[in-house]
Amino acid sequence: MKILNCPLNGPRPIQEFHYGGEFHPPLDPAELNDADWGQEVHHRHGEPGVKREWWYHTASGTWFIAERDNLKDHVIQTYLYTPECGND
Amino acid sequence: MTSRLPPQPGEWIDREQPLDFQFEGVSYQGYTGDVLSSALWANGVHVLGRSFKYHRPRGIYSLANHDANALVSVGSRTNLRADCLPLEAGLQASAVNTLGSASRDYLAIMDRFSRFLPVGFYYKAFHTPRRLFPFYEKQMRKVAGLGKIDPQYREGPTGKQYDFCDLLIVGAGPAGLSAAVDAGERGLRVILVDENPHPGGSFTWQWQRNAEAQERYKKLLDRLHALENIDLRPGTIAGGVYSDYWVALFDQHRLTKLRASAVLIASGCFEQPAVFQNNDAPGIMLGSAAQRLIHRYAVQPFTRGVILGANSDAYRLASDLAANGIDVTALCDLRPEGEPSTAHAQVEATGIPVYRGFTIYQAETRRRGKQLAGVIACPLDRKGEPQPQAGLTLPCDGVAVSVGWAPDGGLLYQAGARFQYKTEVEQFVPNSLPAGLFAAGRVNGIFSWPDQCRDGLRAAREAAVYLGQPGVTELDSVTHQGPSPSHPYPIFSHPGKHNFVDFDEDIHLADFKNAHQEGYDNIELVKRFTTVGMGPSQGKLSNMNAIRILARHNRATIQATGTTTSRPFQHPVPLGHLAGRRFHPLRRTPLDAWHRQAGGQMAHAGSWLRPEYYGPADQRDQSILSEANQVRQTVGLIDVSTLGKLQITGPDAAEFLERIYTGRFHKQPTERLRYGLACDETGTVLEDGVIARLADDHFYVTATSGGSGAFYRELLRWRQIFQLNVQISNLTGQLAAINLAGPESRNVLKDLTSIDVAGDAFPYLGVRRGTVAGVAATLMRVGFVGELGYEIHVPASSALHVWEVLADAGRPFGLKPFGVETQRLLRLEKGHLIVGHDTDALTHPAEADLNWAIAKNKPFFVGSRSLEILQQRPLTRQLVGFRLADADVTPFPKECHLIFDGDTIVGRVTSIARYSTLKHPLGMAFVQPRLASPGSQLHIRTAPGKSVVGEVCSLPFYDPENLRQQ
């Protein structure tokens with residue numbers, strides 16, 4: 001039973017959270033051709049490594065991003081989304 | 001009690017409390033504090049059970065809570081290990097896996113066939129011909145398996161509790177006790193568990209005659225008992241370690257779900273068997289088992305014994321046995337060089353002959369293997385092979401084996417530790433531990449009690465530093481000194497094939513050779529093929545030897561051969577400890593009690609309980625149709641409190657809705673409703689509902705009962721991504737909603753509300769705020785069921801009052817409550833789809849004829865880019881209405897029945913109603929576009945070889961001009 005660190009509420013048991021999928025930096029749809037847009041919305045990377053993931057703390061309604069090594073199931077850090085999250 | 005010794009210092013039995021018990025129908029006497037195995041041994045009963053495959057008699061082997069051949073049933077409880085079953089007054093136990101009794105088992109004949117049952121025999125022999133497999137299976141089930149399950153077994157739920165601590169220490173031996181005291185005196189909250197009923201570990205059996213050790217043990221206990229922050233839990237198993245040090249603790253009564261900040265494993269080692277012919281005969285046991293019998297239970301293990309040893313422990317054991325009056329005939333030491341420590345001189349002083357470089361080649365039995373008669377010992381050559389021609393016969397009634405140890409490392413492995421094989425101790429020891437996990441004592445390869453204590457201290461200090469304690473003096477690591485406690489290969493071949501490696505599963509040495517010849521050269525595959533380590537003890541006595549054997553076959557190192565994966569639980573756990581109620585949230589509307597009283601047939605709808613209809617269960621169809629007719633003809637009332645109810649406010653509220661929904665909202669007038677359709681990023685229909693504008697910056701939105709929770713969550717995510725100034729409040733639970741529908745609804749409502757309900761004052765798709773029955777309410781003119789109707793939203797606390805006032809006022813008009821099934825029929829007649837019911841995870845708006853809800857030339861909404869792509873492609877399916885001519889056709893089509901064109905699937909029924917107010921069956925289906933035009937014939941397959949023909953018709957079925965809801 002994991003513990004996840006909510007950026008607003010601190011460490012809480014994993015049952016209080018909802019996984020929201022891999023984080024994609026929001027892209028401007030107008031700048032992508034059809035094939036690239038299809039990749040953007042349908043393709044999910046399964047390979048092991050450090051992922052940025054959306055997580056949601058149900059009790060407080062907080063969405064945040066967790067950087068997780070999905071090979072070790074180790075969460076490296078969590079933080080709230082800002083528009084700058086897409087810039088790296 | 002033939003074998004009970006005089007009182008021993010520190011013995012666990014209470015001689016003041018003798019107990020009567022029965023084993024296989026025979027009465028015996030033991031003491032409180034005995035386990036079943038010790039009490040039987042004290043009574044001279046040496047056959048405690050039969051082996052799994054060959055039904056060979058077995059006695060005590062480890063007496064360490066993993067004697068998998070001494071399993072008993074007590075009443076409905078079965079597969080109980082006799083070596084950790086506390087003796088109780090009146091206990092009636094019998095051995096499992098026998099035909100007859102443990103002493104006289106008719107299935108013992110299996111042993112004579114053993115040479116015809118090589119490893120893999122069952123896999124190979126019984127899988128063809130396939131048609132005979134059910135027969136084989138039935139026959140094999142009769143003889144396979146251990147205890148019989150009582151299907152009538154009933155017991156109340158076993159308790160569960162949660163707990164927390166700074167440091168969990170597993171194992172209360174010298175290392176664990178030292179660590180607990182050090183951490184406790186530092187103020188840490190410590191939980192110390194030990195599977196035995198008393199703490200002490202090897203203090204209580206190996207070092208009983210060592211005054212210095214006993215002095216340390218007593219002092220440690222005194223210091224431990226003086227500390228309130230140490231919670232000592234004997235009789236408790238740490239069953240498994242999960243993420244972030246969530247540990248499952250089991251005791252007799254409950255499962256404790258423990259969250260520890262750090263975990264220290266001082267679980268010790270399992271003493272390991274030597275492999276020689278007939279090494280399973282009753283009377284042959286581990287040296288530690290013999291010492292446990294003597295010191296914990298004051299039972300003589302045997303009267304005349306031979307010791308097979310390969311370490312210092314064997315020499316201490318010899319002195320210990322001799323001191324307790326046991327005639328030790330010989331000590332055979334596998335090591336040609338013998339014992340270098342002073343322990344050797346002590347043994348020689350007692351006159352026990354020591355044979356260096358000797359093994360036991362085979363054991364001799366009498367009474368069909370039930371009694372040990374003696375052993376043949378023989379020298380080993382330079383390669384370690386036995387030389388039986390130079391053997392000598394040693395009569396004895398017991399053998400104590402002390403050739404090595406294997407770490408009890410399961411919890412460490414589960415927690416992510418890595419182990420390395422160290423030849424200094426011929427043992428796997430942890431060499432890499434994740435943060436917060438610590439190991440000490442024998443599991444860490446540290447063997448003498450003073451070193452174990454030091455290693456416990458060292459680990460406790462490291463844990464204290466990890467936990468942020470100030471001023472901790474760290475200690476140097478402890479290393480093993482002296483000869484290795486384990487022999488690298490205490491395994492000896494014999495043509496007789498009763499030299500067992502795994503006692504649980506009766507696997508002997510040649511089975512491994514055969515497995516290797518068949519190509520099984522990986523430890524995990526060898527495990528599956530031979531089943532080594534898959535028995536009730538999970539290889540506690542066999543995995544290490546299996547690895548040694550495979551390494552030798554592979555000509556590889558033990559490190560390279562590796563170990564099998566360790567999984568929970570460390571010991572068998574009764575299923576009752578694991579069973580429990582799952583927490584399913586169940587939501588009831590504020591009108592729940594009223595529905596039940598009125599005969600509502602309650603059913604689960606998502607997380608909600610809702611009435612499907614009102615009336616007897618055997619009049620389902622009639623009740624639904626009668627409720628529907630009432631709505632169509634006069635007026636009905638339905639509880640729609642399950643609707644998602646979201647309030648969207650703030651300066652960016654309209655902009656936010658424009659981005660979420662496919663429609664336009666900037667110019668939506670106040671006091672008006674608009675239909676809202678939302679897609680996800682792939683263009684799939686996600687949600688629909690109505691959006692009421694109450695003010696420029698204030699919207700009130702309804703969402704589907706089943707999807708609103710997830711939709712609310714998504715809205716919160718999009719709000720963050722869009723960075724808009726908008727507040728989203730989920731009012732689903734705070735507000736109740738009641739839909740008053742039917743041609744008479746205006747007449748029912750008009751005298752109960754402050755709102756002018758006249759048609760032109762409050763038109764279709766209007767929203768008004770005022771009072772209903774004196775309660776503040778928001779009213780919306782919607783047409784889901786296709787009639788004049790008012791959806792009345794009021795605080796949940798007032799819902800019952802409003803409902804009852806409406807029901808009273810409606811009585812003169814024939815008002816009836818109607819259920820959710822009736823509502824489904826009515827909306828189906830009206831051609832309204834239900835998102836998630838008539839749509840699936842790929843449905844995009846064009847397929848469901850919802851393109852009208854998508855605003856043209858809108859620069860962006862969620863899914864707009866995907867829809868732009870999808871709209872250019874030809875449709876592959878369309879949602880259509882269809883009707884059937886006959887309601888009496890059988891079998892009647894159901895939702896999800898497939899539609900065929902010849903042998904090709906061309907569609908699927910999404911909704912269907914057998915009886916409708918339109919007097920014919922009707923439904924909706926996804927079909928290929930070529931079948932979507934009215935008049936097309938749909939062949940719905942209702943059963944193999946049976947089809948029903950439906951005819952596509954235009955939607956809606958009912959009131960196509962939309963006159964009734966205006």
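Predicted model: local features only at pLDDT ≥ 70, side-chain atom pairs only at ≥ 80, totals over all residues.
Local features require pLDDT of at least 70 and side-chain atom pairs count only at pLDDT 80 or more, whereas totals for chains, interfaces and linings use all residues. Residues are numbered from 1 along each chain as its sequence is written, and chains are lettered from A and ligands numbered from 1 in the order in which they are written.

Helices (H or I, at least four residues) and strands (E, at least two) are DSSP runs numbered from the N terminus, and two strands pair if DSSP finds at least two bridges between them. Strand β8(B), residues 159-170, runs parallel to β13(B), residues 254-265, and is joined to that strand by 11 bridges, with C165(B) partnered by A260(B). Four bridges, again in the parallel sense, link β8(B) to β9(B), residues 190-194, where I191(B) is the bridge partner of L168(B).

An open sheet of mixed pairing is formed by five strands of chain B in the order β2-β1-β7-β5-β6. Because β2 (26-32) and β6 (77-81) stand at its edges with a single partner strand each, one side of each is left without a neighbour in the sheet. Within the sheet, β5(B), residues 71-74, and β7(B), residues 92-95, pair in the antiparallel sense over three bridges, and V74(B) stands opposite A93(B).

The axes of helices α7(B), residues 312-323, and α8(B), residues 343-350, come within 9 Å and cross at roughly 30° (axes are lines fitted to C-alpha atoms over the stretch in contact, with angles from 0 to 180 degrees between N-to-C directions). The two helices are therefore roughly parallel, a term for angles under 35 degrees.

Key: Parallel < 35°, antiparallel > 145°, perpendicular 65-115°, else oblique.
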